[in-house]
Amino acid sequence: QVQLVESGGGLVQPGGSLRLSCPASGSIFSVYGMGWYRQAPGKQRELVAGISIDGHTNYADSVKGRFTVSKDNAKNTVYLQMNSLKPEDTAVYYCYADIHPTTSFAMSRYWGQGTQVTVSS
């Protein structure tokens, strides 16, 4: 069994910063891509940022230059550094990881339970 647990969400004022963390644990053989999605009230879930196994990153246009995705391969952990936060960044943020578990021959995408980020004065 594989688990992802986000942390680091909360309430922050516009212009502020937050850092989200998401370690993957459990029966892991190997981890490939990792990243973050978000879902605001009444909107579809959208990709925020992703990072591939070789470190290639991609970002939503709305967060380029403000957010940075990174990962620690030794800890199977993905991070999202969020700077210059805006009210429109308010959403539940979900981490994901593409993992080959020890219990299967196939790779699957696993999700965290989500962490709330609220940007408000």
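The model is predicted. Its open sheet runs in the order S1-S3-S8-S7, with antiparallel pairing. The largest nonpolar core holds 29 residues. Arg38 is buried, whereas Thr57 is partly exposed.

**Sheet**
- Four strands make up the open sheet, ordered S1-S3-S8-S7.
- Strand S1 (2–4) and strand S7 (67–72) are the edge strands. Each has a single partner strand, so one side of each has no neighbour in the sheet.
- From one strand to the next, the twist averages 15°.
- Strand S3 (residues 18–26) pairs with strand S8 (residues 77–82) through six bridges, in the antiparallel sense.
- Arg19 has Gln81 of S8 as its bridge partner.

**Nonpolar core**
- Within the largest nonpolar core, the residues with the most contacts are Trp36, Leu80, Met82 and Tyr93.
- Elements giving two or more residues to this core include S1, S3, S7 and S8. Strand S4 (28–39), strand S5 (46–51), strand S9 (91–101) and strand S11 (115–119) are also among them.
- S9 supplies the largest share of the core, five residues.

**Arg38**
- Arg38 sits in strand S4.
- Its relative accessibility is 6%, so Arg38 counts as buried; the cut-off is under 20%.
- The Arg38 side chain makes a polar contact with the side chain of Glu46 at 2.7 Å.
- A polar contact also links the side chains of Arg38 and Tyr93, at 2.9 Å.
- Glu46 and Tyr93 are among the residues in contact with Arg38 once neighbours within four places in sequence are set aside. That list also includes Gln44, Arg45, Val48, Ser62, Val63 and Phe67. Glu88, Asp89, Ala91 and Val92 belong to it as well.

**Thr57**
- Thr57 belongs to strand S6 (residues 57–59).
- Thr57 has 28% relative accessibility, so it counts as partly exposed; that class lies between the 20% and 50% cut-offs.
- With neighbours within four places in sequence left out, Thr57 contacts Gly50, Ile51 and Val69.
- Thr57 and Gln116 are 59 residues apart along the chain, and 23 Å separates their C-alpha atoms.

Terms used: Residues numbered from 1 in each chain as written. Predicted model: local features only at pLDDT ≥ 70, side-chain atom pairs only at ≥ 80, totals over all residues. Heavy atoms only, no water. Buried < 20%, exposed > 50% of the residue type's maximum accessible area, 1.4 Å probe, protein only. Contact = heavy atoms within 4.5 Å. Pairing = 2+ DSSP bridges. Axes fitted to C-alpha atoms, helices over the stretch in contact; angles between N-to-C directions. Core = buried A, V, L, I, M, F, W, Y, C linked by side-chain atoms within 4.5 Å. Polar contact = N/O pair within 3.5 Å; in protein donor to acceptor, adjacent residues only side chain to side chain.
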